[in-house]
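Please keep the sequence and the structure in view while going through the points.

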Amino acid sequence: MARGLGRYIIIRGLMIIPMILILYTIVFFFLRILPGNPILAVVGTKNIPPEQLKHLEHLAGLDKPLYVQYFDYLWKMLHGNLGVTLASPMGKPVSSYIALRLPATVELTIFAFTVSVLLGIATGVLGAVKRGTSVDTGMRVYSIVAYTLFIPWFGMMLQYLFGVKLHWLPTSGRINPTITSFHSITGLYVIDAIIERNWAALGSVLKHLVLPSITLGTVLSGAYTRLVRNNMVDVLSQDFIRAYRARGVPERKVLWYALKNAFIPVVTLMGLQFAILLGGAVLTETTFNWPGMGTFIMDRINYRDYNSIEGAVIVFALFVGLISLTVDVIYALLDPRVEY
Amino acid sequence: MRLIDYIINPLRERKPGRGLLLFGISVVLTVIIMAIFAPWISPYNPTQIGADVFAPPSSKHLMGTNNLGQDVFSRIIWGSRIILYVVAIATTLSILVGVPLGLLSGYRGGKVDRALSMIMDSIYSFPSLILAIVIAVVLGPSPVNTAIAIAFVYVPTYFRMVRGQTLSLKNQLFVEAARAIGVKDWETMRKYILPNVLPTVLVVFTLSVADAILTEAGLSFLGLSVTPPTPDWGYDLRVGQPFLLDGYWWLAFFPGIMIMLLAMGFAMIGEAINERLSLGTR
């Protein structure tokens, strides 16, 4: 079985490649083939000496035919080289920026993901247990309202309430800038602070995480509410649950067994939700001035730095691909019916 | 059953989903009326700069004034035009591209189907907002370009649904019968398959319009949709953020709540129709 699982992981992992290729092609097409010279966009003026323009184009590899550019970049990408920045500071490797920014987004998404799953399960179970009552309807409305919350607005309202009015929590950044004793190792500040046993820094980092993760997590919890509630209703009507109840198993335990059974489809949803989570992260990061991949893309867009944007998109694609691979593997392990 | 019946019938029946549907329809209709009659409803010129800056909500300025002394209520009313306009174009475009492609791909099958499905799945699995951002940046800030960017990321939603339905429909007896008596392929698709796919398209439409509204608002919040001084909910929300932290909450509060109400309205209509077709909840 272990060998079978290994094969399954490899085959499923290979399926990420066409996805990244297709997204790379789409983004390449949009950024390079559409009219407009990126160098001119970067320089911001058309009055640039032709020799200098030529030189800059050569540096960026834009003087080669398109198909050569396409395969050049692809070849570099295979070696983990995402090209150099096209705008100030010019000529720095894009991957070094991404290495700085990606951990911030990973940290935010892990916390937001946890919030969304916990909230979604809690509200979903509540709806299923109180099925048909006003509580059930309330949870149903919650799932729609949460789903249509506009991230920047919700974030701002939390900033206003907990930051401006109550002064409980910080409204921007990842850590209090006055904490100078802190040095990042992995880029995941929570882990860094624990490694360094810097408890003041850990406190500050966690405080900064609260509002962004609640904002993003609440918006994503709605989909789980719906699914958990419906699955629980199904499972609770099955014979084995009736048998438990007939034998006098405490209701809490019955619910726990039911939840375990209702959980498998939720794993699939987690994979699908992850793409939405990353999209939402861009808005969350902008709202909370969070120095992650989303704000990185927005910064680079102001400079028309197409290489950085392309690189970021590829990293996002890889991220989504790996997550969906992980989810599929977990699903295969949980559900004995999946053959691999 | 006509398409409109999917909305009218549940309205007539006293069933639990009716409240949601009523709420959804009234919100959406209100916003549409606001957009159509903006010149008559709006008390002030939405771009008129005034001396009365940061005035809190009062009877003179229902939602207060912003940092430039513009009336927030008038900007809300005029802002409904942009968001509805962009989302209408975007949704029409993605249906016009996604539905025929889905029909063709599902009906014909083969290599074209496999290639198309792979491309659509790749786009579908990628964070739609990020892709829309990239496209919107390249095309430049304008409502039509924003609509194209949104349309692009929602084509796969329609494509996948229609393709799946077509696959199961094409093996049914009535389609086989049509083919057996020599009805041409495109006519089979148009007359026999398309009408059966349309109810699903309606559900996907109402559910994805809510998403499209949030995507539009996201793009304009990020400054990629319209240029000032055009009144626009997403952009006004962004402009209001720094002032919110100074305590002037009405600049950001109202545009944001409108975005959500509109998205919620469509989501609730979608929910009710979805239930009607019993594709989802129990």
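How many helices and how many strands are there in chain B? Chain B holds 11 helices and zero strands; helices (H or I, at least four residues) and strands (E, at least two) are DSSP runs, numbered from the N terminus.

1. Basis of the note. This is a predicted model, in which local features need pLDDT of at least 70, side-chain atom pairs count only at pLDDT 80 or more, and totals for chains, interfaces and linings use all residues. Residues are numbered from 1 along each chain as its sequence is written, and chains are lettered from A and ligands numbered from 1 in the order in which they are written.

2. Confidence. The predictor assigns the complex an ipTM of 0.88 and a pTM of 0.88. For chain B the average pLDDT (the predictor's confidence in each residue, from 0 to 100) is 85, and 94% of its residues score at least 70. Where pLDDT is low, the predicted coordinates should not be read in detail.

3. Chain B as a whole. Along the sequence, chain B follows the pattern α-α-α-α-α-α-α-α-α-α-α. Its C-alpha trace spans about 75 × 50 × 30 Å along the principal axes. Of its 282 residues, 48% count as buried; a residue is buried if 20 or more other C-beta atoms lie within 10 Å of its own, exposed if 12 or fewer, and partly exposed in between, with C-beta atoms placed from the backbone. Two residues are in contact if their C-beta atoms, placed from the backbone, lie within 7 Å. Among contacts in chain B between residues at least 6 apart in sequence, 69% join residues at least 24 apart.

4. Chain A as a whole. Chain A has 15 helices and zero strands. Its C-alpha atoms fill a box of roughly 85 × 55 × 40 Å, taken along the principal axes. Buried residues account for 40% of the 340 residues in chain A. Among contacts in chain A between residues at least 6 apart in sequence, 74% join residues at least 24 apart.

5. The contact between the chains. Chain B contributes 37 residues to the contact and chain A contributes 39 residues. On the side of chain B that touches chain A, the elements giving two or more residues are α5 (110–125), α6 (128–139), α9 (185–221), α10 (233–244) and α11 (250–276) of chain B. Of these, α11(B) gives the most, with nine residues. By class, this side of chain B has 27 nonpolar, eight polar and two charged residues. Here Ala, Val, Leu, Ile, Met, Phe, Trp, Tyr, Cys and Pro count as nonpolar, Asp, Glu, Lys and Arg as charged, and the others, Gly among them, as polar.

6. The nonpolar cores. A nonpolar core is a set of buried Ala, Val, Leu, Ile, Met, Phe, Trp, Tyr and Cys residues joined through C-beta atoms within 7 Å. The largest one has 156 residues, and I133(B), V134(B) and I213(B) have the most contacts inside it. The element that gives the most to this core is α11(B), with 17 residues. Apart from it lies another core, of six residues, including Y189(A), A193(A), A201(A) and L209(A). Leaving aside neighbours within four places in sequence, V134(B) is in contact with V27(A), F30(A), I309(A) and V313(A).

7. A helix pair in chain A. Helix α13 (residues 264–288) and helix α15 (residues 306–334) of chain A pack at an angle of about 175°, with their axes 9 Å apart. Axes are lines fitted to C-alpha atoms, for helices over the stretch in contact, and angles run from 0 to 180 degrees between N-to-C directions. The helix α13(A) is therefore roughly antiparallel to α15(A), since angles under 35 degrees count as roughly parallel, over 145 as roughly antiparallel, 65 to 115 as roughly perpendicular and the rest as oblique. The contact of α13(A) with α15(A) has 14 nonpolar, three polar and no charged residues.

8. A residue in α15. F316(A) is found in helix α15 of chain A. Is F316(A) buried or exposed? F316(A) is buried, because 27 other C-beta atoms lie within 10 Å. Not counting residues up to four places away in sequence, F316(A) touches L278(A), M293(A), P127(B) and I130(B). The C-alpha atoms of F316(A) and M293(A) are separated by 8.7 Å, and the two residues are 23 residues apart along the chain.

9. Two loop residues. H167(A) lies in the loop between α8 (151–165) and α9 (189–195) of chain A. Its phi is near 55°, a positive value in a residue other than glycine. H167(A) is exposed, with 8 other C-beta atoms within 10 Å. N289(A) is in the loop between α13 and α14 (293–302) of chain A, and has a positive phi of about 55° although it is not a glycine. N289(A) is exposed, with 12 other C-beta atoms within 10 Å.
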